[in-house]
Amino acid sequence: MKALVYHGPGHKSWDHVPDPTVSEPTDVVVRIDTTTICGTDLHILKGDVPTVEPGRLLGHEAVGTVVATGDAVSTLGEGDRVLVPAITSCGRCGYCKRAMPSHCQAVGGVGWIFGHLIDGTQAEYTRVPYAETSVHRVPEDVTDTQVLFLADILPTGYEVGVRNGNVKPGDTVAVVGAGPVGLAAIMTAGLHGASRVIAIDRVASRLEHAKQFGAGYTINASETDAAGIDARLAELTDGLGVDVAIEAVGLPETFETCARIVRPGGSVANIGVHGAPATLHLEELWIKNVTITTGLVDTTTVPMLLQLVRDGRIRAEQFGTHDFPLDSIDEAYDVFANAGRHNALKVVLKR
Ligand code: NAD
Ligand code: ZN
């Protein structure tokens, strides 16, 4: 088959590689019908994720068709259309049993293994371990593009942003970073009754997208400084700060912004993947009764999000701004890596 092979920092190629096969009784092999590229794949290509070894096939989001099943698989069969999410779940370990497969012990303690510790989904076929407890059947009434973004960004924005941040009816929510993940938090904040949603980004086109995804207010961080952001937020919140500040960038300064703009009794929900330490101003925060959360997505809310997609309550396909055939993946990477120039959110790759 053809697949995207990582050859170490800065290098990848669309190569001929051996077809994957069922190697454990709980595996299935899925033909990839639709897949996408994640910001994390760009981090890997920069060499930021050293646990990814050269030779690895990248990608951790897909919709596909089951073509082979292991002996222990009884509820999936050839021809079934499934969503392959970013997180693999054995369903049996202590973390899976407490609905936290982000730390599934059976797959090594971190549930994100596709395109990381095992071969991924930017390929014509992929082997899916612990298939029955990991994949989701896709109902006939939804398209691949409607369901694809439930593999990672939508549950990430919802679980790690909105739900961890404990967004409640009437809340004012600031989302710092309006990339696909921040937009997913904006899109799902309404599910918990957020009243006022404020998007903060440095790129004007991202803020335009944020309005379409449900932000009532935007702040362009490239046109002001920290004091300017604080002043505008004070104006929008009667001087109190926001109930929930969601960090969806992964930089020290954006985390510190969130910790500064949260009101007493509020929450800071960090989603961003950080590569450098941020300063935690406990000398200011200790008296504010705030909650700070972190997390890797679990994808346990996929069935709920899928129902909302089916009922037209979430228009997940809005994330797909550019379509490519799977074998034009190099071009798709160029567009995604230069998202600002192409006004891109997510690319959709189809077989
Ligand atoms: P992205 O790079 O597409 O989006 C980040 C956005 O932040 C961009 O729109 C950028 O313009 C904006 N930005 C950059 N610097 C800024 C600043 N100083 N102030 C305001 N905005 C700024 O990334 P994404 O795909 O949306 O992902 C967001 C973060 O979430 C990344 O760190 C990613 O690795 C992380 N992530 C976490 C999980 C998890 O489980 N916790 C899962 C997936 C992704
Ligand atoms: Zn497990």
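Helix 6 provides the largest share of the shell around ligand 1, namely three residues; helices (H or I, at least four residues) and strands (E, at least two) are DSSP runs, numbered from the N terminus. The model is a predicted one, in which local features need pLDDT of at least 70 and side-chain atom pairs count only at pLDDT 80 or more, while totals for chains, interfaces and linings use all residues. Residues are numbered from 1 along each chain as its sequence is written, and chains are lettered from A and ligands numbered from 1 in the order in which they are written.

Of the 30 residues around ligand 1, those that come nearest are Gly39, Gly177, Gly179, Gly250 and Val273 (a residue is near if its C-beta atom, placed from the backbone, lies within 6 Å). By class, the shell holds 15 nonpolar, ten polar and five charged residues; Ala, Val, Leu, Ile, Met, Phe, Trp, Tyr, Cys and Pro count as nonpolar, Asp, Glu, Lys and Arg as charged, and the others, Gly among them, as polar.

Domain 1 (2–152 + 299–350) and domain 2 (154–293) each give at least three residues to this shell, with bounds from an automatic or database domain assignment. The centres of the two domains, taken over C-alpha atoms, are separated by 28 Å. Contact between them involves 16 residues of domain 1 and 13 residues of domain 2, where two residues are in contact if their C-beta atoms, placed from the backbone, lie within 7 Å. On the domain 1 side, these residues comprise eight nonpolar, five polar and three charged.
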